[in-house]
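Try each task yourself before you read its solution.

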Amino acid sequence: MGLRISSWYLMAVRCEPALIREEHRVPMANLPILVFSGKCQLPCTVLGCKHKPHLWMSGQGGGSGPAAGLLPSYSPLHVSCMNVESLKSIFLDKKDKSAGSKDKGKRVNESLKSIFLDKKDKSAGSKDKGKRRLVVKNTRPLDYLLQIKFLSVEPNTVVLSWGCPQRLEGAESFRVEWKSSKAVEGCILIKDFHKIEIDNLQVGQQYFFSVATEDEDGNLSEQVTASVFTESVRVSLSDVLSRIGLEDQYDNKLTLSTVLEINHDDISENKLETAKSLPDTFLKRLMMLNTNARSVRCESREVDTDKNNDINPLDLITALFLCSDRFLQQDIVLKMALCQFAVPLLLPNHETREIIMNLWSMREIVRIFRPSKEAFIEVNCEERIVNSNFPLVSFVRLGTTSLSKSQMLNKLLSNANQYHDTFYHRNMLCGDAPRRISDGLVEISWYLPCGHRSTDKFPEPLAVANLRGDIRTFDKQFSFLCQTSAAVYIFCDESETDYFNNPEGKDVKAKVILISSAQGKTFTLKTMTTEPCLKTTIVTQKKKTDAELIKALQESISKMLENCPDKVSVVNLADRARWCGILVDEDSDECHSAWKNAGKITKRIVNTSKFKDKQLTSQGQIWKKLSELETESWRLRKVGNQNTDVYRDSLKIKTEELRRTQMRFEMTSAMSTFLNGVVTSEVQRCYFLKWLEIDLDTVSRNKLSALQDQYKELRQKCPQDTEKIVEIDRQMSVCSLRLDHFFRECGQLYECAENLPEHSRQRKTMEQLPAQCAQMLLDGFPLELVDGDAANIPMKWITKVLTELHNIMQSNSILKVITIIGAENSGKSTLLNAMFGARFAVSKGTCTRGAFIQLITVNKDIRTALGCDCIVIIDTEGLKPNQMFQDDYSHERDKEVASLAVALSDVTIVSVSRDNCIEKDILETALHAFTRVKNVSNTPQCHFLRTNMSVREGEERKKRDKELVEQLNEVIQNDTWMKKANITKISDVMEFDPDTCSWYIPPLWQGTPPMAPVSANYSEAVHALKKQLIGDLKKSRERVDLTHFISKVEHYWKGV
Ligand SMILES: Nc1nc2c(ncn2[C@@H]2O[C@H](COP(=O)(O)OP(=O)(O)OP(=O)(O)O)[C@@H](O)[C@H]2O)c(=O)[nH]1
Ligand SMILES: [Mg+2]
């Protein structure tokens, strides 16, 4: 045991309790303790060492801040077995505090010397020390020293506490001594505290700990002694990671694009045979929004019945978070929230002993709900959850409990007839397996009302946190929750309440309620106060059953909600976390500077439409006009009797004139900030784009959300009122502002840049842009292929981006294409996102305009089997059956886009409709899209899809399939245009087998949103469809690479 202070350069020590960063932990053995003055609110790096130093001391020059107080003559101070609290108690001699002189430094040094008993000194039997330790004068009985308690016992560390001697008066210290069966290991004197953490112990060894009091004259009381065995198996983070095959990912983080890669599991039946397949299986299922994703266990366990060999899903999730990059973490959290799984708020890292708060990871969650006030006026709240201010209610436990806290919480938060396992609990698959790395995890979830009294458990929203593990071991997490929650509910046994006798300066803002159980049989709710002393007040009678307890909890929370509790947002929680010494996931330079850059753009936006006019000048009317001229030169709709060549020439002259005007536009400040944000390192660019996406959503949401509601309502209630529908559609287009608008601008600037002087800075930047944009596609961002507002493809730009992509892929860019077309707002984008983990925009009203592509790479192992290196997914604008006729042919856009998508695809999905009424119209429009490209492309494989529809197998299904074929034939027979094109049967335009290619996708939600998770049936259907589509791709023989794809895009777009 190395109790050793190797040098004595500590000067005037000026620590204030509030400034101690690691309040309840011991500085790890062999770590230097640096002591500074001033406040450290943020985790910091000192001398290249991150977050390790926790003590503060004024340096020779005084000053404040982490670096300021570092002693120039500092050399490592090795300390073991020393709780910061105790060190603090030594330093904080009240008399010393007021002083500030060299003398004080001396005194402290002396004090330190007397306290840290070096092992060498001990063994040498230094006369003085020997005396101090052996002379026991005035031995007092130990009745006032309560029993020693072991708060946590780990392989190398033991935390013990002892009672508070009631009869002790004045400053008296405790001498704690410990020895193994072999020898005395260490001894320490501490003051005012009754708890200590001792580390560097041997694994699986018996230790004897004794505590005695020592008065100012060095008189010792009798000792109280207790013994304990340290844990024999050391299960470290790396052990768990290597068991599940993530050992390399701790340093080399998993990324979203590797997770989305098409691999073996997508083409064959995947069997979960070893623990190493657990992460992949969990992630694949989660990406498909499978609510059973967490229930994974490897099959080999059937022979192996020892539950200790199982991996607890909470360990799996913790490991995955520790091994994923920030962007994958964000995606995991988003998908977990859609599945209504609780998400990690405080993530422990047992290796580094750091706790990380997830704020960035939660930034993408947006929820729609209806609190009582809004329910009254029948409007929804749509909010980004990290910014929402809700009361936080935390649930923790002291000791062990017979009932599952998490299961209890699930029952508490589930609406009637809609039970859902928000928190994973011990009665679920592998939920009883030992938790090796996830104790100390704090998860968060939200209860959000839908505005119906009969359904809602609580009329107001609330955030619920759940700490895994015992509060005695996870004091930091517990303290954080006590400071931030409106209420903390503590599950504990009646016999354990003594624990709260000693609050140790905890800052408790929350109302604390004990759920006190008598041997796990009955439960009583008691409010608890610790100031001035522990006092509990019973608030409920004894509850015997779970149902009774849940009712009592529900009443207790409802009452709290009625009393206007303090509210807090996740963003506020992060501020508090920093203060408590918890790291926050977005505290990195890259994230912060990206946020600042994005803010430079968004803070000047007052009106989105005006912003577009002023800052995104190259698009808008001029690009629309250019597009009209360009498409007219291919389609010749208005040529009339004119000579086509002459007509084309006249269009060309007008086009060139407009381009010249466009070129004269100056680069705007918003665009130059945007370009700075994009032309940079990959990580920084991803942060920037995500921040900008979030900020743009914030500035446009209110107006857009109301329009989307109106649009949806009109579509459902008055579909015949096309004039109004078109007007709202126009307004949505005017006020929407997304990343796509900035990339559109890039496209236009790029097309103009070739006319800029060769060495101009702007031209140079523009020339880098396509490669950055190609990398963006690889990072999982979608790219706009057809601009939905101008109904055109910026051909030069798209060509360059895809060529760059081809280069990045080192020419291994053989691709196959899956396309979706069909009824608007029928869940097409939602389906693609669930199927491939894509990020296509989804919204309540109409949303996708034009067409977007996303790239999914194929794992090297199956490239030969699948016959391609990547898959391009094309999401298209919904087909509008009753569109108003407009002069500019914009009503044709959806059909043109659909035709292009069909022509490019190997497999096409046609989403028929969620509302049966317009099914036939959609079929007709879809068939037209196939007809247009009949002669220019191969006939693609086609799947017809009805979303939001549960159809059982058997007779019902057969009947429906038959109806579909009949409808298709009917359309073909009655359609004069198709007749003219010589189409008489389905197989003339597509490959379609009604037995395998017609699909019924069950409703997305299981129950009533916002508390409804995605339904397991939806996810299963999506999974089956994905397997089928990939099987189809395998069959398709065509081998086209990106360069060829580009020419196809141009060819078909001009031809449709
Ligand atoms: N109730 C219910 N809602 C769904 C279902 N599928 C999708 N949605 C919701 O419907 C809305 C529209 O979904 P999108 O995926 O944007 O539909 P889309 O077909 O891509 O829409 P457009 O691109 O505008 O044509 C979203 O709010 C989805 O959450 C479903 O099966 N049931
Ligand atoms: Mg869509």
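D988 is buried, at a relative accessible area of 18%, where buried means under 20% relative accessible area, exposed over 50%, and partly exposed in between (1.4 Å probe, protein chains only). This is a predicted model, in which local features need pLDDT of at least 70 and side-chain atom pairs count only at pLDDT 80 or more, while totals for chains, interfaces and linings use all residues. Residues are numbered from 1 along each chain as its sequence is written, chains are lettered from A and ligands numbered from 1 in the order in which they are written, and side-chain values use heavy atoms, with hydrogens and water left out.

**Exercise 1.** How many salt bridges does a search of the whole structure find? Look also at the pair D331 and K335, and say where both residues lie.

*Solution.* 
- Step 1: the search gives 46 salt bridges.
- Step 2: one salt bridge joins the side chains of D331 and K335, at 3.2 Å from N to O.
- Step 3: both residues belong to helix α11 (residues 326-338), four residues apart, which is about one turn of the helix. Helices (H or I, at least four residues) and strands (E, at least two) are DSSP runs, numbered from the N terminus.
- Step 4: D331 is buried because its relative accessible area is 2%, and K335 is buried because its value is 6%.

**Exercise 2.** Which residue forms a salt bridge with D439, and which residues are linked with R849 in a network of salt bridges?

*Solution.* 
- Step 1: R435 pairs with D439, with 2.8 Å between the closest N and O atoms.
- Step 2: R435 counts as partly exposed, because its relative accessibility is 26%.
- Step 3: the network links R849 with D729, R744, E784, D787 and D789.

## The magnesium site

**Exercise 3.** Which atoms coordinate the magnesium ion (ligand 2)?

*Solution.* 
- Step 1: donors are N, O and S atoms within 2.8 Å of the metal (3.2 Å for Na, K and Ca); water is not among the atoms, so sites may look incomplete.
- Step 2: the ion is coordinated by OG of S829 and OG1 of T848, at 2.0 Å.
- Step 3: these two residues link distant parts of the chain, 19 residues apart, with S829 in helix α27 (residues 828-836) and T848 in the loop between α27 and β24 (850-857).
- Step 4: S829 counts as buried because its relative accessibility is 8%, and T848 counts as buried because its value is 10%.

## Backbone checks

**Exercise 4.** Locate N417 and N948, and say whether each is buried, partly exposed or exposed. Then find where P1010 lies.

*Solution.* 
- Step 1: recall that most residues other than glycine have a negative phi, and most peptide bonds are trans.
- Step 2: N417 is not a glycine, yet its phi is positive, at about 60°. N417 sits in the loop between α13 (405-413) and β15 (442-447), and N417 is exposed because its relative accessible area is 85%.
- Step 3: N948 also has a positive phi of about 60° without being a glycine. Its place is the loop between β27 (941-946) and α31 (955-974), and N948 is partly exposed because its relative accessible area is 38%.
- Step 4: P1010 is in the loop between β28 (998-1000) and α33 (1016-1035). The peptide bond from P1009 to P1010 is cis, with omega near 5°.

## Positions in helices

**Exercise 5.** Is F674 buried or exposed, and what separates the C-alpha atoms of P313 and M428?

*Solution.* 
- Step 1: F674, in helix α21 (residues 669-678), counts as buried because its relative accessibility is 0%.
- Step 2: P313 belongs to helix α10 (residues 313-322).
- Step 3: the C-alpha atoms of P313 and M428 are 9.6 Å apart, while the two residues are 115 residues apart along the chain.

Notes: Salt bridge = Lys/Arg side-chain N within 4 Å of Asp/Glu carboxyl O.
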